[in-house]
Amino acid sequence: MQRRFGVLMTVALLAAPVSGTRAQTSIGLITGFAAATYSGSGASNAEWRTAFMGGGVAVFPVGETISIRSEFQVATKGSSVRTETGAVGENVLEFAYIQVPVLVQLQVPGAAAVRPRLFGGISLALPVYCARNNVSCADVEHLDVHSFDVGVLVGGEIEVLGIGIGARYEAGLSPVLTSVMGTTVKHGVLSFTGRYMLRR
């Protein structure tokens, strides 16, 4: 667990460009709510469920229009899904992750009052909570959870007077479960966020 957490932190630090860039690094807070579901050949009749996320964000400029954006957040995911885990049945699988998105961000140069941004990249996540039907996944027989989650994240944001309002979609690349043979169950999360930079 500690080793995987160290990997997340290392990736976040490597996302920062070397010192000496002309523009100042900015840091802030981000929070939001999401609609989470499952996709893949092992997920049937998956529903959308409400999820939440919150944490910090840092932006490292590498030019007037391009920045590296790194976030560190706690995010909940999961939905109801029909999977085969010893027996076929309807399961509500809920997760919480420590998550580190590493993104390339495009923004309008200058100091306009309204500034749109587009971003995309990868999201690395370490599960810190898992439950099936309110029972810990560790106590459920034949249910094995993947120890690491990787996803592709794309989104946009509009900043007005220093406050950013955005939307993003994260598509999971790695299977959530390792116990469903021959099929895959992956996360899909549509989020709506609010961001405020403490230092700009």
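## Buried salt bridges

Arg195 is buried, with a relative accessible area of 3%. The model is a predicted one. Its partner is Glu159: the two side chains meet in a salt bridge, 2.9 Å from N to O. Glu159 sits in strand β7 and Arg195 in strand β9, so the bridge ties together parts that are 36 residues apart in sequence. Glu159 is also buried, at 10% relative accessible area.

Arg69 and Glu71 form another salt bridge, at 2.9 Å from N to O. Arg69 has a relative accessible area of 1%, so it is buried. Glu71 is buried too, with a value of 1%.

Asp149 counts as buried at 2% relative accessibility. Lys77 is buried at 5%.

How many salt bridges does a search of the whole structure find? The search returns nine. A network of salt bridges links Arg69, Glu71, Arg117, Glu157, Glu159, Arg168 and Arg195.

## Aromatic pairs

A pair of aromatic rings is described by the distance of the centres and the angle of the planes. The count here is two aromatic pairs. For Phe33 and Phe192, the ring centres are 5.7 Å apart and the planes meet at 35°, so this pair is tilted. The pair links distant parts of the chain, with Phe33 in strand β1 (residues 26–39) and Phe192 in strand β9 (residues 186–199), 159 residues apart. Phe33 is partly exposed, at 48% relative accessibility. Phe192 is partly exposed as well, at 37%.

The pair of Phe95 and Tyr97 is stacked. Its centres are 5.8 Å apart, with 20° between the planes. Are these two residues buried or exposed? Both Phe95 and Tyr97 are buried.

## Charges over rings

Two residues from the salt bridges also sit over aromatic faces. Arg69, the partner of Glu71, lies over the face of Phe119, at 4.7 Å from the ring centre.

## A nonpolar surface patch

Which residues make the nonpolar surface patch of about 860 Å²? They are Phe33, Trp48, Phe52, Val152, Val154, Tyr169, Leu173, Leu190 and Phe192. Strands β7 and β9 each supply at least two of the patch residues. Leu190 lies in strand β9. Its relative accessible area is 31%, so Leu190 is partly exposed. Patch residues need over 30% relative accessible area, and Leu190 has 31%. The tilted pair, Phe33 and Phe192, belongs to this patch.

## Positive phi in two loops

Asn133 has a phi near 50°, a positive value in a residue other than glycine. Asn133 is found in the loop between β5 (114–132) and β6 (135–136). At 36% relative accessibility, Asn133 counts as partly exposed.

Leu161 is not a glycine either, yet its phi is positive, at about 55°. Leu161 lies in the loop between β7 (149–160) and β8 (163–172). Leu161 counts as exposed, at 72% relative accessibility.

Terms used. Residues are numbered from 1 along each chain as its sequence is written. This is a predicted model: local features need pLDDT of at least 70, side-chain atom pairs count only at pLDDT 80 or more; totals for chains, interfaces and linings use all residues. Side-chain values use heavy atoms; hydrogens and water are left out. Rings of Phe, Tyr and Trp (its six-membered ring) pair if their centres lie within 6.5 Å; planes under 30 degrees apart count as stacked, over 60 as edge-to-face and the rest as tilted. Helices (H or I, at least four residues) and strands (E, at least two) are DSSP runs, numbered from the N terminus. Buried means under 20% relative accessible area, exposed over 50%, partly exposed in between (1.4 Å probe, protein chains only). A charge sits over a ring if NZ of Lys or CZ of Arg is within 6 Å of the ring centre and within 35 degrees of the ring normal. Patches are made of residues with over 30% relative accessible area and no salt bridge: like charges are joined within 9 Å, nonpolar side chains (Val, Leu, Ile, Met, Phe, Trp, Tyr) within 5 Å. Accessible areas come from the Shrake-Rupley method with a 1.4 Å probe; for residues, only the protein chains shown count as cover. A salt bridge is a side-chain nitrogen of Lys or Arg within 4 Å of a carboxyl oxygen of Asp or Glu.
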